[in-house]
Amino acid sequence: MDPDALKRYIREALTEAGACAVGFARAEPVPEQELERFRDWTDRGLNGPLEYMRNYPDLRANPQLLLEGAATVVTSAWNYLPSALRDKSLPGVARYAYGRDYHKALRSRIRPVLRQIEALTGTRGRICIDSAPVLERYWAFRSGVALRGRNGCAIVPGKGSWIFLAEILLTVALEPDAPAGQSCLECGACIKACPTGALQPDGRIDAARCLSAATVEGAPLPADYAGEVPLLGCDRCQEVCPHNRGAGPSEWLEPLDLGWLDSLDTLFEEDFLRLSEGTPFRRPGLQLLRRNLSASRRK
């Protein structure tokens with residue numbers, strides 16, 4: 001298949017599967033400046049409870065080490081904004097957790113596209129979703145899919161930051177798209193809205209102070225924080241972002257029934273494992289969710 005035709009096919013196939021933006025970049029080593037920015041973040045301990053972010057630095061630096069012969073990085077963005085939210089009187093749940101575990105949900109949508117690409121071209125490919133050691137937001141910026149937000153989020157122009165990112169590494173060389181701009185509106189609304197002061201002036205996050213990191217990964221809640229504690233995750237910085245005004249609900253996300261969360265106090269472990277199967281609530285586990293719930297009541 002002609003490279004230009006293949007590029008059009010991939011963009012159309014991923015869009016039909018549910019992606020709201022698709023971009024292409026040359027698979028090559030990440031620039032040293034970008035790697036130094038990432039290393040400085042971990043060296044200063046700003047990764048907090050996210051210790052896994054220190055793993056596999058060589059793989060993060062070069063996608064060609066993740067797939068031999070990789071020539072193209074295809075980045076796709078997927079809107080996850082749910083159509084309805086829980087009652088505001090209940091402990092908060094981040095919007096990404098309203099649907100099935102996105103690692104599984106996105107793979108099930110992207111895998112058929114990759115299989116078809118492989119069948120049409122003989123190329124080899126690998127799907128990467130954030131559990132793989134890939135600098136996802138860098139590739140989103142590099143491929144023109146997203147802007148870099150001051151809150152650390154990737155922002156898709158016209159769609160906002162309520163998105164998941166996924167990559168397909170391909171061994172076929174396709175024309176790269178123009179990189180996106182490297183800044184947002186610079187309004188500072190996200191920094192002002194962060195309840196714990198986790199957002200740094202340079203756009204990086206102190207994960208040790210981030211409520212999302214604390215409630216998902218189990219880090220202690222900031223000792224000097226006396227505000228509202230969510231049950232899982234935190235969306236404050238995204239809720240105030242001007243880019244998210246008018247963002248529409250996801251067309252592919254299948255909403256979960258979250259009614260069982262109201263029974264966390266009395267759930268047996270086996271019931272929790274059954275109800276949380278395939279959902280984002282499995283990662284924190286029952287005991288951490290109970291800690292978060294208890295903290296929300298104290299505050």
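**Charges and helix faces**

Tutor: Happy to! R86 counts as buried, because its relative accessibility is 15% and the cut-off for buried is under 20%. Keep in mind that this is a predicted model.

Student: Which side chain meets R86 in a salt bridge?

Tutor: That is D262, at 3.9 Å from N to O. The pair links distant parts of the chain, 176 residues apart: R86 sits in the loop between β2 and α4, and D262 in the loop between α8 and α9. D262 is exposed, with a relative accessible area of 52%.

Student: What does the side chain of D265 meet in a salt bridge?

Tutor: D265 meets R297, at 2.7 Å from N to O. Here R297 belongs to helix α10 and D265 to the loop between α8 and α9, 32 residues apart. R297 is exposed at 54% relative accessible area, while D265 is partly exposed at 47%.

Student: How many salt bridges does the structure hold?

Tutor: It holds 21. K7, R11 and D177 are linked in a network of them.

Student: Now the helices, please. How do I read the faces of one?

Tutor: Start from the general idea: an α-helix has 3.6 residues a turn, so residues three or four places apart point the same way. Now take α2, residues 32–43, which reaches 16 Å from its first C-alpha to its last, close to the 16 Å expected. In α2, the buried residues are E34, L35, F38, W41 and T42. They lie on the same side of α2, because they cover an arc of only 120° around the axis. Q33 and D43, on the other side, are exposed.

Student: What covers the buried residues of α2?

Tutor: The cover includes α3, α5 and β4. After α2 comes G45, whose phi is positive, near 75°.

Student: E34 is one of the buried residues in α2. Which residue does E34 form a salt bridge with?

Tutor: With R148, the closest N and O atoms being 3.4 Å apart. E34 lies in helix α2 and R148 in strand β4, so the pair ties together parts 114 residues apart in sequence. Both partners, E34 and R148, are buried.

Conventions:
Residues are numbered from 1 along each chain as its sequence is written. This is a predicted model: local features need pLDDT of at least 70, side-chain atom pairs count only at pLDDT 80 or more; totals for chains, interfaces and linings use all residues. Side-chain values use heavy atoms; hydrogens and water are left out. Helices (H or I, at least four residues) and strands (E, at least two) are DSSP runs, numbered from the N terminus. The expected span of a helix is 1.5 Å times one less than its number of residues. Buried means under 20% relative accessible area, exposed over 50%, partly exposed in between (1.4 Å probe, protein chains only). The arc is that of the directions from the helix axis to the C-beta atoms. Contact means heavy atoms within 4.5 Å. A salt bridge is a side-chain nitrogen of Lys or Arg within 4 Å of a carboxyl oxygen of Asp or Glu.
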